[in-house]
Amino acid sequence: MNIPLMDLRAQHDSLEKEINEVIREVISEAAFIGGRHLNEFEEAFAKFCGSEFCVGIDSGTAALYVVLKNLGIGAGDEVIMPVNTFIATPNAVRMCGAKPVFVDVSERDYLIDTSLIEDKINANTKAIIPVHLYGGVCDMEKMKELSDKYGLKIIEDCAQAHGSEFMGKRVPILGIGCFSFFPAKNLGAYGDGGAIVCDDPELVKKCRMFINHGRTEKYLHETEGFNFRMDNLQAAILNVKLKKLEEWIKKKNEIAEIYSHKLKGKFRLQENREGDKNSYHLFVIRSDKRDGLGKFLEASSISSGIHYPVPLHLQPTFRYLEYEEGDFPIGEMLSKEILSIPIYPELEMEKAEFISSKVLEFE
Ligand SMILES: *Cc1c(COP(=O)(O)O)cnc(C)c1O
């Protein structure tokens, strides 16, 4: 018995008939770029999030870039984000010509420490990107306060948080969110995919033009643009999977409950605020013998992962920002202690029990 970190094959098997059917439909209609499946997905996903609009994009990274660019962020601007996130977040900022500014994360929930943000705000600061990492939701009340006080844009990186909730609202909470449909995410395409979800019709209009060569008519181009479109085949597959997403999140929460119940008190876990709902893209535990624990689980045929082993300020590519080891003590400590254990909707409860008992055996 081998337990993977997530099992995309099992998910496909559970939907094989419907997925094959929509793939055949797209092929027989020969409408590959744009079309009814994409329109249907954009409408359904906006509704799922409780937001006005959704624009399909060809990756989560591009979704971040397109939003930043169309909010006018560029050279000379600074954008604040947590030091522990996937590299896509700072890369999108850098691609706009702006400067990523890192903030340490909180030991309680591993998300951006909102009490440290104000210190990093200066005349060049234009935006904050809170990242709802692992499915946990950042303190968006504090974020709103900072946004109002300093006139900053808030762009939520929701790539790991499809369906996560803050005070009864699904992310994005403050109006602009970027999603990834990378296959392993809570909602995954059969290839790359992403989306911008927002409530601002003007921003949507700009982004729609930008991702399609600034086009107004087939060969008439009004603005700067590029090609970042989501294709119709991915949208058709996502339509099938979106119908299952609520059920999948529920399953993941049941697994998370088993882990929390068994491991609480013995391992430090990501804490959720009262009333928030975590959709558990990942379940992360902490151990000061993390590498040993990973190897021990591997020997019992249980896969695990580290998200992420190198904090952003120590990534070689960000040397030019001149950060040093010791600048973000919590982020650095977490990078040495965190371990993601298997969580996916098809994981049987007995296996979650088995994984818990193996983890407990190690300590
Ligand atoms: C996956 C991810 C992205 C980027 O998404 P892609 O679709 O892989 O480009 C951005 N931010 C975070 C936090 C992610 O996990």
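## Ligand site and overall build of a predicted model

Around the ligand stand 15 residues, of which G60, T61, D157, S180 and K185 come nearest; a residue counts as near when one of its heavy atoms lies within 4 Å of the molecule. The structure is a predicted model, in which local features need pLDDT of at least 70 and side-chain atom pairs count only at pLDDT 80 or more, while totals for chains, interfaces and linings use all residues. Residues are numbered from 1 along each chain as its sequence is written, and side-chain values use heavy atoms, with hydrogens and water left out.

| Residue | Protein atom | Distance to an oxygen atom of the ligand |
|---|---|---|
| G60 | polar backbone atom | 2.8 Å |
| T61 | polar side-chain atom | 2.4 Å |
| S180 | N or O atom in the side chain | 2.6 Å |

Taken alone, the ligand exposes 380 Å², and the protein buries 94% of that area, with accessible areas computed by the Shrake-Rupley method and a 1.4 Å probe, and with only the protein chains shown counting as cover for residues. Helix 3 (60-70) and helix 4 (88-95) are the elements that give two or more residues to the shell around the ligand; helices (H or I, at least four residues) and strands (E, at least two) are DSSP runs numbered from the N terminus. Sorted by class, this shell holds 5 nonpolar, 8 polar and 2 charged residues, where Ala, Val, Leu, Ile, Met, Phe, Trp, Tyr, Cys and Pro count as nonpolar, Asp, Glu, Lys and Arg as charged, and the others, Gly among them, as polar.

The protein as a whole has 11 helices and 15 strands. Its radius of gyration is 20 Å, close to the 21 Å that the globule rule gives for 363 residues, so the protein is as compact as a globular protein of that length; the radius is taken over C-alpha atoms, and the rule is 2.2 Å times the number of residues to the power 0.38. Along its principal axes, the C-alpha trace spans about 65 × 55 × 35 Å.

Some backbone features sit in loops. A cis peptide bond with omega of about 5 degrees joins V171 and P172, and P172 is placed in the loop between strand 8 (169-170) and strand 9 (176-180). Another cis peptide bond, with omega of about 15 degrees, joins H307 and Y308, and Y308 lies in the loop between helix 9 (290-299) and helix 10 (329-337). Although M167 is not a glycine, it has a positive phi of about 50 degrees, and its place is in the loop between strand 7 (165-166) and strand 8. A30, also not a glycine, has a positive phi of about 50 degrees and lies in the loop between helix 1 and helix 2 (36-49).

Notes:
Polar contact = N/O pair within 3.5 Å; in protein donor to acceptor, adjacent residues only side chain to side chain.
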